[in-house]
Amino acid sequence: MEAPPSESVYRNIHIIINPAAGADEPILNTLNDVFKESDADWQVHITKGNDDAKAFVPQALEAGADVIAAYGGDGTVMAVAGALADAKTQVPLAILPGGTGNAIAMELRVPRKLVQAAALINGAPSFQRNVDLGKTGDGYFMLRLGVGVLADIDLGADRETKDAIGILAYPLSIFQHFTNLEPARYELELDGEKVETEGVLCSVLNAATLGISGLSLSKNVDINDGLLEVVVLNQANLSALASFASSSISGEIQGDEFQHWSVREVRINSVPSQKVTTDGELLGDTPVTARAVKDAIKVIVPHEAIRSMLDYSTEPSTK
(Lines give C-alpha, C1' and ligand atoms only; values in the text may rest on other atoms or scores of the structure.)
Protein backbone atom coordinates (compact mmCIF):
# COMPACT_ATOMS: atom_id res chain seq x y z
CA MET A 1 0.00 0.00 0.00
CA GLU A 2 1.29 3.46 -0.87
CA ALA A 3 2.02 6.08 1.74
CA PRO A 4 -0.48 8.93 2.01
CA PRO A 5 0.31 11.84 -0.31
CA SER A 6 2.26 14.77 1.02
CA GLU A 7 1.74 18.33 -0.19
CA SER A 8 4.58 19.80 1.85
CA VAL A 9 7.08 22.05 0.13
CA TYR A 10 10.76 21.32 0.71
CA ARG A 11 12.55 24.42 1.93
CA ASN A 12 16.24 23.77 1.18
CA ILE A 13 16.49 22.31 -2.32
CA HIS A 14 19.79 21.44 -3.97
CA ILE A 15 19.65 20.56 -7.68
CA ILE A 16 22.55 18.81 -9.41
CA ILE A 17 22.38 19.51 -13.15
CA ASN A 18 24.21 17.63 -15.90
CA PRO A 19 24.33 20.12 -18.82
CA ALA A 20 25.41 17.36 -21.21
CA ALA A 21 22.14 15.43 -20.76
CA GLY A 22 20.15 14.49 -23.84
CA ALA A 23 17.17 16.82 -23.42
CA ASP A 24 17.15 20.28 -25.00
CA GLU A 25 15.01 22.40 -22.69
CA PRO A 26 15.10 25.67 -20.72
CA ILE A 27 16.09 24.08 -17.41
CA LEU A 28 16.63 27.11 -15.19
CA ASN A 29 13.64 29.01 -16.57
CA THR A 30 11.39 26.07 -15.85
CA LEU A 31 12.73 25.58 -12.34
CA ASN A 32 12.34 29.29 -11.61
CA ASP A 33 8.70 29.13 -12.77
CA VAL A 34 8.03 26.21 -10.42
CA PHE A 35 9.75 27.56 -7.31
CA LYS A 36 9.19 31.34 -7.55
CA GLU A 37 5.76 31.19 -5.90
CA SER A 38 7.14 29.37 -2.84
CA ASP A 39 9.62 30.51 -0.23
CA ALA A 40 11.91 27.58 -0.95
CA ASP A 41 15.64 28.24 -1.13
CA TRP A 42 16.96 26.42 -4.20
CA GLN A 43 20.52 26.16 -5.39
CA VAL A 44 22.02 24.55 -8.47
CA HIS A 45 25.29 22.68 -8.95
CA ILE A 46 26.54 22.18 -12.52
CA THR A 47 28.51 19.01 -13.25
CA LYS A 48 31.30 18.33 -15.70
CA GLY A 49 31.15 14.58 -15.04
CA ASN A 50 29.55 12.00 -12.74
CA ASP A 51 32.38 12.41 -10.23
CA ASP A 52 31.19 15.99 -9.77
CA ALA A 53 27.67 14.76 -9.02
CA LYS A 54 29.02 12.50 -6.28
CA ALA A 55 31.08 15.34 -4.80
CA PHE A 56 28.14 17.75 -4.71
CA VAL A 57 26.00 15.45 -2.54
CA PRO A 58 28.05 15.73 0.69
CA GLN A 59 28.34 19.48 0.09
CA ALA A 60 24.56 19.77 -0.19
CA LEU A 61 24.01 17.66 2.92
CA GLU A 62 26.46 19.79 4.90
CA ALA A 63 24.53 22.88 3.75
CA GLY A 64 21.34 21.45 5.27
CA ALA A 65 19.56 20.22 2.12
CA ASP A 66 16.25 18.54 2.85
CA VAL A 67 16.02 17.21 -0.72
CA ILE A 68 18.65 16.68 -3.42
CA ALA A 69 17.42 16.63 -7.03
CA ALA A 70 19.27 15.19 -10.01
CA TYR A 71 18.66 16.58 -13.49
CA GLY A 72 20.09 14.42 -16.27
CA GLY A 73 20.03 10.87 -17.56
CA ASP A 74 20.27 7.58 -15.70
CA GLY A 75 24.02 8.00 -15.17
CA THR A 76 23.56 11.31 -13.36
CA VAL A 77 20.63 10.03 -11.29
CA MET A 78 22.62 6.94 -10.31
CA ALA A 79 25.69 8.97 -9.33
CA VAL A 80 23.57 11.07 -6.96
CA ALA A 81 21.69 8.03 -5.66
CA GLY A 82 24.94 6.20 -4.91
CA ALA A 83 26.33 9.18 -3.02
CA LEU A 84 23.14 9.40 -0.95
CA ALA A 85 23.39 5.67 -0.18
CA ASP A 86 27.00 6.07 0.93
CA ALA A 87 25.98 8.97 3.19
CA LYS A 88 23.31 6.78 4.84
CA THR A 89 21.03 9.79 4.97
CA GLN A 90 17.25 10.11 5.17
CA VAL A 91 17.38 13.09 2.77
CA PRO A 92 15.40 11.99 -0.32
CA LEU A 93 16.36 12.02 -3.98
CA ALA A 94 14.17 13.88 -6.47
CA ILE A 95 14.50 12.87 -10.11
CA LEU A 96 14.26 15.53 -12.84
CA PRO A 97 14.47 13.49 -16.07
CA GLY A 98 16.74 15.09 -18.64
CA GLY A 99 18.35 12.18 -20.46
CA THR A 100 17.56 10.08 -23.51
CA GLY A 101 15.98 6.98 -22.01
CA ASN A 102 15.21 8.06 -18.42
CA ALA A 103 14.63 4.44 -17.42
CA ILE A 104 14.98 5.11 -13.69
CA ALA A 105 12.31 7.82 -13.82
CA MET A 106 10.06 5.51 -15.80
CA GLU A 107 10.48 2.68 -13.31
CA LEU A 108 9.43 4.97 -10.43
CA ARG A 109 6.64 6.70 -12.39
CA VAL A 110 8.29 10.12 -12.26
CA PRO A 111 6.84 12.26 -15.09
CA ARG A 112 9.02 13.07 -18.09
CA LYS A 113 7.89 16.70 -18.22
CA LEU A 114 10.30 18.81 -16.19
CA VAL A 115 7.70 21.17 -14.75
CA GLN A 116 5.68 18.20 -13.47
CA ALA A 117 8.70 16.40 -12.00
CA ALA A 118 9.85 19.58 -10.22
CA ALA A 119 6.34 20.14 -8.85
CA LEU A 120 6.67 16.90 -6.86
CA ILE A 121 9.07 18.75 -4.55
CA ASN A 122 6.95 21.89 -4.52
CA GLY A 123 3.48 20.85 -3.43
CA ALA A 124 2.18 18.23 -5.88
CA PRO A 125 0.84 15.09 -4.12
CA SER A 126 3.85 12.82 -3.61
CA PHE A 127 5.53 10.55 -1.11
CA GLN A 128 8.99 9.21 -0.30
CA ARG A 129 9.44 5.65 -1.55
CA ASN A 130 12.09 3.32 -0.17
CA VAL A 131 14.21 2.00 -3.02
CA ASP A 132 16.77 -0.82 -3.09
CA LEU A 133 20.06 -0.54 -4.94
CA GLY A 134 22.42 -3.16 -6.28
CA LYS A 135 26.02 -2.77 -5.09
CA THR A 136 29.19 -3.80 -6.91
CA GLY A 137 32.40 -2.97 -5.09
CA ASP A 138 32.28 0.77 -4.43
CA GLY A 139 29.54 1.39 -7.00
CA TYR A 140 25.78 0.99 -7.21
CA PHE A 141 23.09 0.35 -9.79
CA MET A 142 19.35 0.92 -9.60
CA LEU A 143 18.13 -0.86 -12.73
CA ARG A 144 20.39 -3.65 -13.91
CA LEU A 145 23.83 -5.04 -14.35
CA GLY A 146 24.47 -6.30 -17.88
CA VAL A 147 27.06 -8.89 -18.89
CA GLY A 148 28.21 -9.71 -22.41
CA VAL A 149 25.75 -8.76 -25.14
CA LEU A 150 23.69 -6.61 -22.76
CA ALA A 151 26.82 -4.61 -21.93
CA ASP A 152 27.56 -4.32 -25.65
CA ILE A 153 24.04 -2.99 -26.26
CA ASP A 154 24.45 -0.38 -23.52
CA LEU A 155 27.80 0.75 -24.89
CA GLY A 156 26.54 0.66 -28.48
CA ALA A 157 23.95 3.32 -27.66
CA ASP A 158 26.66 5.96 -27.32
CA ARG A 159 26.23 9.71 -26.84
CA GLU A 160 26.73 10.51 -30.55
CA THR A 161 24.02 8.04 -31.59
CA LYS A 162 21.67 9.22 -28.83
CA ASP A 163 22.13 12.84 -29.93
CA ALA A 164 21.39 11.86 -33.53
CA ILE A 165 18.33 9.61 -33.11
CA GLY A 166 17.35 9.87 -29.43
CA ILE A 167 15.76 6.86 -27.75
CA LEU A 168 15.91 4.90 -31.03
CA ALA A 169 19.61 4.42 -30.26
CA TYR A 170 18.67 1.55 -27.92
CA PRO A 171 16.62 -0.63 -30.31
CA LEU A 172 19.20 0.06 -33.03
CA SER A 173 21.97 -1.21 -30.75
CA ILE A 174 19.84 -4.27 -29.85
CA PHE A 175 19.34 -5.06 -33.54
CA GLN A 176 23.04 -4.71 -34.26
CA HIS A 177 24.11 -7.00 -31.41
CA PHE A 178 21.43 -9.70 -31.53
CA THR A 179 23.10 -11.30 -34.54
CA ASN A 180 25.77 -13.99 -34.65
CA LEU A 181 25.67 -14.42 -30.88
CA GLU A 182 28.28 -16.74 -29.43
CA PRO A 183 27.44 -18.49 -26.13
CA ALA A 184 29.64 -18.07 -23.08
CA ARG A 185 30.03 -20.31 -20.06
CA TYR A 186 28.74 -18.61 -16.92
CA GLU A 187 30.02 -19.65 -13.52
CA LEU A 188 27.48 -18.30 -11.03
CA GLU A 189 27.58 -18.23 -7.26
CA LEU A 190 24.02 -17.57 -6.06
CA ASP A 191 23.80 -16.87 -2.33
CA GLY A 192 26.69 -19.31 -1.93
CA GLU A 193 25.32 -21.99 -4.28
CA LYS A 194 27.48 -22.62 -7.36
CA VAL A 195 25.82 -23.07 -10.78
CA GLU A 196 27.48 -23.46 -14.18
CA THR A 197 25.53 -22.83 -17.37
CA GLU A 198 25.91 -21.58 -20.93
CA GLY A 199 24.13 -18.59 -22.39
CA VAL A 200 24.23 -15.67 -24.78
CA LEU A 201 22.78 -13.18 -22.33
CA CYS A 202 23.16 -12.61 -18.59
CA SER A 203 21.62 -9.84 -16.51
CA VAL A 204 21.17 -8.98 -12.84
CA LEU A 205 17.99 -6.99 -12.32
CA ASN A 206 16.98 -4.68 -9.50
CA ALA A 207 14.15 -3.22 -11.58
CA ALA A 208 12.34 -4.22 -14.74
CA THR A 209 12.12 -1.10 -16.91
CA LEU A 210 14.26 -0.87 -20.05
CA GLY A 211 13.53 2.82 -20.66
CA ILE A 212 10.95 2.49 -23.45
CA SER A 213 7.32 2.93 -22.43
CA GLY A 214 5.64 -0.43 -21.88
CA LEU A 215 8.85 -2.42 -22.37
CA SER A 216 10.18 -4.34 -19.37
CA LEU A 217 11.93 -7.58 -18.60
CA SER A 218 9.62 -8.91 -15.92
CA LYS A 219 6.65 -7.63 -13.99
CA ASN A 220 7.83 -9.84 -11.12
CA VAL A 221 10.93 -7.70 -10.52
CA ASP A 222 10.34 -5.50 -7.46
CA ILE A 223 12.65 -2.56 -6.75
CA ASN A 224 11.95 -2.86 -3.02
CA ASP A 225 12.00 -6.60 -2.20
CA GLY A 226 15.62 -6.84 -1.04
CA LEU A 227 16.44 -9.23 -3.89
CA LEU A 228 18.21 -9.22 -7.24
CA GLU A 229 16.96 -11.27 -10.19
CA VAL A 230 19.59 -13.16 -12.20
CA VAL A 231 18.49 -14.05 -15.75
CA VAL A 232 20.36 -16.14 -18.33
CA LEU A 233 19.21 -16.69 -21.91
CA ASN A 234 20.46 -20.10 -22.99
CA GLN A 235 19.98 -20.28 -26.77
CA ALA A 236 20.93 -17.97 -29.60
CA ASN A 237 18.11 -19.03 -31.90
CA LEU A 238 15.01 -17.38 -33.30
CA SER A 239 12.74 -19.19 -30.87
CA ALA A 240 14.69 -17.91 -27.88
CA LEU A 241 14.89 -14.37 -29.20
CA ALA A 242 11.14 -14.40 -29.98
CA SER A 243 10.51 -15.53 -26.41
CA PHE A 244 12.78 -12.76 -25.13
CA ALA A 245 10.87 -10.17 -27.18
CA SER A 246 7.53 -11.56 -26.02
CA SER A 247 8.66 -11.48 -22.40
CA SER A 248 9.86 -7.90 -22.76
CA ILE A 249 6.55 -6.74 -24.19
CA SER A 250 4.24 -8.70 -21.91
CA GLY A 251 6.35 -8.17 -18.81
CA GLU A 252 6.71 -11.86 -17.98
CA ILE A 253 9.79 -14.06 -18.05
CA GLN A 254 8.69 -17.16 -19.93
CA GLY A 255 10.01 -20.01 -22.04
CA ASP A 256 12.49 -22.80 -21.40
CA GLU A 257 15.28 -20.70 -22.89
CA PHE A 258 15.53 -18.67 -19.67
CA GLN A 259 17.03 -19.51 -16.34
CA HIS A 260 16.00 -17.24 -13.47
CA TRP A 261 17.10 -16.98 -9.83
CA SER A 262 16.11 -14.55 -7.04
CA VAL A 263 19.11 -13.88 -4.79
CA ARG A 264 20.58 -11.46 -2.29
CA GLU A 265 24.09 -11.77 -3.73
CA VAL A 266 25.55 -13.12 -6.96
CA ARG A 267 29.06 -13.58 -8.32
CA ILE A 268 29.40 -13.97 -12.10
CA ASN A 269 32.42 -15.23 -13.97
CA SER A 270 32.38 -15.97 -17.68
CA VAL A 271 34.51 -17.83 -20.18
CA PRO A 272 35.52 -15.93 -22.22
CA SER A 273 35.71 -12.79 -20.09
CA GLN A 274 32.94 -10.28 -20.94
CA LYS A 275 32.26 -6.60 -20.45
CA VAL A 276 30.03 -5.51 -17.56
CA THR A 277 27.85 -2.40 -17.38
CA THR A 278 25.72 -1.00 -14.57
CA ASP A 279 22.78 1.20 -15.61
CA GLY A 280 24.44 1.72 -18.99
CA GLU A 281 27.87 2.72 -17.66
CA LEU A 282 30.96 0.56 -18.23
CA LEU A 283 32.05 -1.09 -14.96
CA GLY A 284 34.80 -3.39 -16.26
CA ASP A 285 35.03 -7.07 -17.11
CA THR A 286 33.93 -10.30 -15.45
CA PRO A 287 34.22 -11.60 -12.80
CA VAL A 288 31.80 -9.32 -10.96
CA THR A 289 29.93 -9.56 -7.66
CA ALA A 290 26.66 -7.79 -6.91
CA ARG A 291 24.47 -7.71 -3.82
CA ALA A 292 21.14 -6.13 -2.94
CA VAL A 293 21.07 -3.19 -0.53
CA LYS A 294 17.60 -3.06 1.00
CA ASP A 295 16.03 0.44 1.41
CA ALA A 296 19.27 2.10 0.32
CA ILE A 297 17.68 5.46 -0.49
CA LYS A 298 14.38 7.35 -0.48
CA VAL A 299 12.99 8.75 -3.74
CA ILE A 300 10.20 11.30 -4.13
CA VAL A 301 7.53 9.85 -6.42
CA PRO A 302 4.02 10.96 -7.45
CA HIS A 303 1.06 9.65 -5.54
CA GLU A 304 -1.23 7.29 -7.43
CA ALA A 305 -4.01 9.88 -7.30
CA ILE A 306 -2.26 12.15 -9.82
CA ARG A 307 -0.40 9.68 -12.07
CA SER A 308 -3.09 9.67 -14.77
CA MET A 309 -2.57 13.44 -15.17
CA LEU A 310 1.18 13.26 -15.71
CA ASP A 311 3.26 13.15 -18.91
CA TYR A 312 5.18 9.90 -19.38
CA SER A 313 6.06 10.37 -23.07
CA THR A 314 9.61 9.60 -24.18
CA GLU A 315 9.88 12.77 -26.25
CA PRO A 316 12.08 15.59 -24.97
CA SER A 317 10.06 17.79 -22.63
CA THR A 318 9.57 21.52 -22.56
CA LYS A 319 7.72 23.91 -20.30
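**Figure 1. Two cavities of 30 Å³ or more are found in a search of the whole structure.** The structure is a predicted model. The largest cavity has a volume of about 80 Å³. Its lining comprises 11 residues, of which Asn102, Met106, Arg112, Tyr312 and Ser313 are the closest to the centre. By residue class, the lining of the largest cavity divides into five nonpolar, five polar and one charged.

**Figure 2. The second largest cavity has a volume of about 30 Å³.** Its lining is made up of Gly72, Gly73, Asp74, Val77, Ile95, Pro97, Asn102, Ile104 and Ala105. At least two lining residues come from each of α3, β4 (93–97) and α4 (103–107). Five residues of this lining are nonpolar, three are polar and one is charged. Asn102 is listed here, and Asn102 is also among the residues closest to the centre of the largest cavity.

**Figure 3. The second largest pocket has a volume of about 340 Å³.** The pocket is lined by 17 residues, and Lys54, Met78, Ala79, Gly139 and Tyr140 are the closest to its centre. Four elements, α2 (50–62), α3 (74–87), β6 (139–141) and β15 (281–285), each supply at least two residues of the lining. Helix α3 gives the most, with six residues. The lining divides into six nonpolar, five polar and six charged residues.

**Figure 4. The charged end of Lys135 sits over the ring of Tyr140.** The distance from this charged end to the ring centre is 4.2 Å. Tyr140 is also one of the residues closest to the centre of the second largest pocket.

**Figure 5. The count of aromatic pairs comes to one.** The pair consists of Phe35 and Trp42, with ring centres 5.6 Å apart. An angle of 45 degrees between the planes makes the pair tilted. Phe35 counts as buried because its relative accessibility is 2%, under the 20% cut-off. Trp42 has a relative accessible area of 23% and is therefore partly exposed.

**Figure 6. Arg11 and Asp39 form one of five salt bridges found in a search of the whole structure.** Their side chains meet at 2.2 Å, N to O. The pair links distant parts of the chain, 28 residues apart: Arg11 belongs to the segment before β1 (12–17), and Asp39 to the loop between α1 (27–35) and β2 (41–46). Arg11 is partly exposed, with a relative accessible area of 45%. Asp39, with a relative accessible area of 59%, is exposed.

**Figure 7. Arg185, Glu187 and Glu196 are linked in a network of salt bridges.** The relative accessible area of Glu196 is 59%, so Glu196 is exposed. For Arg185 the relative accessible area is 33%, and this residue is partly exposed.

**Figure 8. A salt bridge joins the side chains of Asp295 and Lys294.** The N to O distance is 3.9 Å. Asp295 is partly exposed, with a relative accessible area of 36%. Lys294 is partly exposed as well, with a relative accessible area of 41%.

Definitions and conventions: Residues are numbered from 1 along each chain as its sequence is written. This is a predicted model: local features need pLDDT of at least 70, side-chain atom pairs count only at pLDDT 80 or more; totals for chains, interfaces and linings use all residues. Side-chain values use heavy atoms; hydrogens and water are left out. On a 1 Å grid over the protein atoms alone, a cavity is a set of points where a 1.4 Å probe fits but cannot get out, and a pocket is an open set with protein on both sides within 12 Å along at least five of seven lines; lining residues have an atom within 4 Å of a point. Grid points are joined across faces, edges and corners, and a volume is the space filled by probe spheres set on the points. Ala, Val, Leu, Ile, Met, Phe, Trp, Tyr, Cys and Pro count as nonpolar, Asp, Glu, Lys and Arg as charged, and the others, Gly among them, as polar. Rings of Phe, Tyr and Trp (its six-membered ring) pair if their centres lie within 6.5 Å; planes under 30 degrees apart count as stacked, over 60 as edge-to-face and the rest as tilted. Buried means under 20% relative accessible area, exposed over 50%, partly exposed in between (1.4 Å probe, protein chains only). A charge sits over a ring if NZ of Lys or CZ of Arg is within 6 Å of the ring centre and within 35 degrees of the ring normal. A salt bridge is a side-chain nitrogen of Lys or Arg within 4 Å of a carboxyl oxygen of Asp or Glu.
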